[in-house]
Amino acid sequence: MSVTEKPVRPHPLRVIGFLLASFPLRIAAFVLVVLALVLGITTTMLWIGIPVLVAATSLTRVFTDLERGWCRVLLGVEIPTPRRLPHGPGLLATWQTRLVDPTTWRELNFVLLALPLGIVEFVAGIVSVAVPPFGIFVAPRIGAMHAALARSMLGPDRASQLEARARQLKASRARGIDAVEAERKRIERDLHDGAQQRLVAVAMSLGRAQFKLDSDDAAGARALIGAAHADAKLAVSELRDLARGIYPPVLQDRGLDAALSSLTARMPFPVDVSVTVEPRPPAPVETTTYFIVSESLTNIVKHAQGADRAAVRVTRDDDTVVVEIVDNGQGGASLRPGSGLSGLADRAASIDGVLTVVSPIGGPTVIRADLPVRW
Ligand SMILES: Nc1ncnc2c1ncn2[C@@H]1O[C@H](COP(=O)(O)OP(=O)(O)O)[C@@H](O)[C@H]1O
Ligand SMILES: [Mg+2]
């Protein structure tokens with residue numbers, strides 16, 4: 001999720017198609033929108049002008065939506081639509097929002113600019129067909145430039161991108177704090193109910209054994225020391241489990257591949273594991289991945305009736321690790337507040353990641369997390 005986008009390099013044939021085929025549309029868009037605008041402005045005094053102006057903006061929307069679609073399909077550039085939603089129900093609120101929305105006017109500017117631009121692009125399209133080297137080497141650059149212009153005029157402006165990013169970071173920070181607090185409570189409860197109880201039992205058994213020794217009851221003392229020994233061993237194993245729940249040692253020593261393979265080895269049916277994460281992601285990403293896989297596998301055993309196959313796939317590119325756990329069970333998984341999966345979603349959000357659950361009734365279930373490796 002970055003504010004700056006990657007440069008695009010569209011395919012020459014698609015660009016040439018785009019340059020040639022979009023031209024008639026640009027003429028139609030220009031003529032219709034200018035007609036509606038002129039009609040709207042000249043009749044504003046008669047009130048009819050306002051609906052005509054709104055109709056002009058509707059036309060602009062249709063053409064710019066088409067432009068976004070073309071940019072996506074032919075130039076490979078996704079341009080989000082940053083339009084405001086009406087602030088209330090009713091036609092008046094819709095019109096009002098439309099007329100004060102800066103996107104409306106940016107879109108209008110684009111439609112007007114698109115005609116002169118379209119003429120130049122159309123000529124470039126014809127030259128591309130006539131002179132193939134031009135089509136192969138220059139046309140894609142023209143396409144990329146068009147895509148960049150369309151993105152800057154039709155996509156969200158920088159201020160609203162930064163605003164959205166700030167909102168997202170604020171939400172992710174809040175969820176991070178909640179997740180840490182929940183984790184702290186869990187550790188406190190585990191320590192209190194587990195190891196602490198065992199150690200209390202050890203102390204009591206040893207105290208009573210000492211008492212028995214003082215009264216020369218060696219057999220009684222031996223039994224109590226045996227019980228204390230057993231409790232001490234349990235306390236050690238509970239502490240080890242607790243530590244593993246915070247940061248599994250195998251993860252630190254041998255990385256994600258080994259750690260995930262050891263998780264899947266405990267499953268009652270074979271699980272296909274594929275982990276390609278070189279170079280090694282930062283520790284918080286590894287731990288989050290580990291816990292997402294661990295909880296999802298536990299869920300498969302607990303909830304996915306009929307599942308007899310599952311796959312775990314972890315891949316990374318320059319800036320994201322993608323984790324996917326798929327099973328062929330009955331489906332129906334959902335993110336309920338306070339449950340395991342939503343805890344994982346919070347954990348992912350705390351490092352700016354996103355967890356998605358796709359689990360239609362009848363299956364299959366896909367749990368996917370996109371975790372950035374840079375913040
Ligand atoms: N792999 C799965 N297949 C089918 N249902 C699932 C699966 N994973 C989770 N679910 C359903 O989604 C619910 C939420 O899962 P989760 O958040 O982990 O909560 P829980 O604490 O119940 O495991 C579960 O109660 C279960 O009904
Ligand atoms: Mg669960």
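**Helix contacts, ligand shell and backbone**

Analyst: We start with two helices. From α2, the residues T57, T60, R61, F63 and T64 touch T104, E107, L108, F110 and V111 of α4. By class, this contact of α2 with α4 holds four nonpolar, four polar and two charged residues. Note that this is a predicted model.

User: How are α2 and α4 oriented to each other?

Analyst: Helix α2 covers residues 49-75 and helix α4 covers residues 102-130. Their axes come within 9 Å and cross at roughly 70°. Angles of 65 to 115 degrees count as roughly perpendicular. Therefore α2 and α4 are roughly perpendicular to each other.

User: Is the crossing of α2 and α4 left-handed or right-handed?

Analyst: Two packed helices are described by the angle between their axes and the distance between the axes. For α2 and α4 the angle is roughly 70°. The hand of the crossing of α2 and α4 is left-handed.

User: Which residues of α5 does α2 meet?

Analyst: Helix α5 spans residues 132-154. On the α2 side, the contact uses T64, E67, R68, C71 and L75. By class, the contact of α2 with α5 has five nonpolar, three polar and two charged residues. The α5 partners are G143, H146, A147, A150 and L154.

User: And how do α2 and α5 lie to each other?

Analyst: They pack at an angle of about 140°, with axes 11 Å apart. The crossing of α2 and α5 is left-handed. Roughly antiparallel needs an angle over 145 degrees. So α2 and α5 count as oblique.

User: What is the orientation of α4 and α5?

Analyst: The axes of α4 and α5 are 11 Å apart, at an angle of about 175°. Over 145 degrees counts as roughly antiparallel. That is why α4 and α5 are roughly antiparallel to each other.

User: How many residues in the contact of α4 with α5 are nonpolar?

Analyst: On α4 the contact includes F110, A124 and V127. On α5 it includes F134, I142 and M153. Four residues of the contact of α4 with α5 are polar and three are charged. The nonpolar count is nine.

User: Now the ligand. Which residues come nearest to ligand 1?

Analyst: There are 18 residues around ligand 1. They divide into four nonpolar, ten polar and four charged. The nearest are N299, A333, S339, G340 and L341.

User: Which helix gives the largest share of the shell around ligand 1?

Analyst: Two helices each supply at least two residues of this shell: α9 (283-303) and α10 (340-350). The largest share is five residues. Those five come from α9.

User: Where are the cis peptide bonds?

Analyst: Most peptide bonds are trans. P279 sits in the loop between β1 (271-276) and α9, while P364 sits in the loop between β4 (354-358) and β5 (365-372). The bond to P364 has an omega of about -10°, and the bond to P279 has an omega of about -5°. The cis bonds join G363 and P364, and E278 and P279.

User: What is the phi of D216?

Analyst: Most residues other than glycine have a negative phi. D216 lies in the loop between α6 (158-214) and α7 (218-246). D216 is not a glycine, yet its phi is positive, at about 55°.

User: Last one. What separates the centres of domain 1 and domain 2?

Analyst: The protein is divided into domain 1 (12-156), domain 2 (175-246) and domain 3 (251-372). The centres of domain 1 and domain 2 are taken over C-alpha atoms. The separation is 70 Å.

Definitions and conventions:
Residues numbered from 1 in each chain as written. Chains lettered and ligands numbered in written order. Predicted model: local features only at pLDDT ≥ 70, side-chain atom pairs only at ≥ 80, totals over all residues. Near = placed C-beta within 6 Å. Helix = DSSP H or I, 4+ residues; strand = E, 2+ residues; numbered from the N terminus. Nonpolar A, V, L, I, M, F, W, Y, C, P; charged D, E, K, R; others polar. Axes fitted to C-alpha atoms, helices over the stretch in contact; angles between N-to-C directions. Parallel < 35°, antiparallel > 145°, perpendicular 65-115°, else oblique. Left-handed = near helix turned anticlockwise from the far one by under 90°. Contact = placed C-beta atoms within 7 Å. Domains from an automatic or database assignment.
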